[in-house]
Amino acid sequence: MNKLENLLEAANLTDLLKKKEEKKTEEASFGQQLKACIKDKYWVMFILLIFIYQVLNALKGVSQVYYAGWVVQGNAYGEYAAIQRRFTMISMAPMGPMLFIVVPLIKKFGRHKMIIIGSVIAAAGAIFAFFGAGKTMPVYVGTGLGGIGAMFYVYTMMSFTGDAIDHVEYSQRVRVEGVTAALVGFMHSMANGLGQGLFNFGLLATKYVTPEAIGTFERDGKIIEKFADQPAAATTWINFSYQGAIALTAILFFVLFMFFFDIDKKMPQVQEELTERKKAECAAKGIPYVSPLEQQREEIAKQQAEAEENRIRELK
């Protein structure tokens with residue numbers, strides 16, 4: 001799941017950074033852009049959402065090895081590598097096929113509604129798995145449901161980047177691609193460190209100890225090491241770091257999109273206003289107005305023509 005999330009985020013950020021500045025209403029310094037962003041509630045909510053999501057995702061990622069060794073089947077640290085492989089394969093298996101279902105559902109019902117539905121599924125699955133600690137089937141089923149539900153917001157989350165930027169331009173008359181891309185990239189790096197630090201602090205606070213081998217046992221002809229139990233508080237923290245992170249992320253998306261982040265409803269008005277401003281700009285300069293879609297088509301055609309010219313040149 002982490003690889004899918006990183007690929008989707010990277011694709012959206014790359015698209016953001018490649019956007020041309022044709023929609024810019026004024027040149028603005030980093031400080032001016034940041035000041036404009038802070039005044040726009042939708043941009044602030046979006047950035048905080050991304051940051052908290054990334055911290056929780058990092059917490060979940062760093063705890064997975066511990067989760068496999070101490071939670072999935074209880075104290076099974078001597079088999080954690082095999083358990084982790086099975087856990088990843090079985091619980092994450094539905095996500096590949098689900099991608100072909102998620103996209104049509106989002107197109108039919110809209111990303112906002114599907115994020116709310118997905119967050120309910122993810123939270124329910126994670127809570128089910130949390131309370132099923134030590135029981136393989138509830139853990140696998142709950143984690144699988146959590147992953148399926150999470151796909152609805154993981155897949156669509158970064159698509160709100162452009163909307164947040166447009167809303168800042170609408171409310172503050174400043175384009176903020178630069179500061180937005182810079183902050184999202186910075187937060188991604190910082191979140192990884194925070195997630196790691198938070199997990200380690202939790203282990204320290206709950207008195208997690210270095211695994212201590214206390215003997216061996218045989219299973220299916222294999223000799224497996226047996227380890228001393230960890231404190232109950234430590235295994236609960238590990239459980240929370242994985243399943244709790246999924247549940248908290250889902251609850252965050254549910255609350256935000258259910259009650260506060262209604263930017264989808266605002267975008268028709270925002271786009272109409274920005275288009276009128278651009279038309280007025282073009283009229284004042286005595287140049288024809290070209291829509292962003294048409295500009296994109298022209299840019300693609302130009303790139304294709306250049307690529308064809310280079311290909312012919314190389315053949316010669």
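This briefing walks through one protein chain, topic by topic.

What you have here is a predicted model, so local features need pLDDT of at least 70 and side-chain atom pairs count only at pLDDT 80 or more, while totals for chains, interfaces and linings use all residues. Residues are numbered from 1 along each chain as its sequence is written, and side-chain values use heavy atoms, leaving out hydrogens and water.

**The overall picture**

- The secondary structure comes to twelve helices and two strands. Helices here are DSSP runs (H or I) of at least four residues, strands are DSSP runs (E) of at least two, and both are numbered from the N terminus.
- Reading from the N terminus, the order is α-α-α-α-α-α-α-α-α-β-β-α-α-α.
- The chain has 316 residues, and buried ones make up 41% of them. "Buried" means under 20% relative accessible area, "exposed" means over 50%, and "partly exposed" is in between (1.4 Å probe, protein chains only).
- Take the contacts in the chain with a separation of 6 or more: 79% of them join residues 24 or more positions apart. A contact means heavy atoms within 4.5 Å.

**The nonpolar cores**

- The largest nonpolar core has 41 residues, and Tyr153, Val176, Phe253, Phe257 and Phe261 have the most contacts inside it. Helices H2 (30-38), H3 (41-70), H6 (111-131), H7, H8 (160-172), H9 (177-205), H10 (232-260) and H11 (263-285) each give two or more residues to this core. H3 gives the most, with ten residues.
- Apart from that core lies another, of 34 residues, with Ala76, Tyr140, Met151 and Tyr208 among them.
- What makes a nonpolar core? It is a set of buried Ala, Val, Leu, Ile, Met, Phe, Trp, Tyr and Cys residues joined through side-chain atoms within 4.5 Å.
- Leaving aside residues up to four places away in sequence, Phe257 touches Leu49, His112, Ile115, Ile116 and Phe160.

**Helix H6**

- H6 has 21 residues and reaches 30 Å from its first C-alpha to its last, close to the 30 Å expected at 1.5 Å a residue. The expected span is 1.5 Å times one less than the number of residues.
- The buried residues of H6 include Arg111, His112, Ile115 and Ile116.
- Those buried residues pack against H3, H5 (95-109), H7, H8, H10 and H11.

**Helix H11**

- With 23 residues, H11 reaches 32 Å from first C-alpha to last, close to the 33 Å expected at 1.5 Å a residue.
- There's a kink of about 25 degrees in H11, centred on glutamine 269. The bend at a residue is the angle between axes fitted to the seven residues ending there and the seven starting there.
- Ile263, Met267, Val270, Leu274, Arg277 and Cys282 are the buried residues of H11, and what covers them includes H3 and H8.
- Glycine 286 follows H11, and its phi is positive, near 75 degrees.

**The two strands**

- Strand S1 (residues 213-219) and strand S2 (residues 222-227) pair in the antiparallel sense over six bridges. Strands pair if DSSP finds at least two bridges between them.
- Phenylalanine 217 has isoleucine 224, in S2, as its bridge partner.
- S1 and S2 form a hairpin with two residues between them, and aspartate 220 in the turn has a positive phi of about 55 degrees.

**Single residues to look up**

- Is threonine 156 buried or exposed? Threonine 156 counts as buried because its relative accessibility is 4%. Its place is in H7 (residues 136-156), and it touches Ile106, Arg111 and Ile115, not counting residues up to four places away in sequence.
- Methionine 89 lies in H4 (residues 80-92) and is exposed, because its relative accessible area is 57%.
- Most residues other than glycine have a negative phi. Arginine 173, however, has a positive phi, near 60 degrees; it lies in the loop between H8 and H9.
- Lysine 207 isn't a glycine either, yet has a positive phi of about 65 degrees. Lysine 207 sits in the loop between H9 and S1 and counts as exposed, at 60% relative accessibility.
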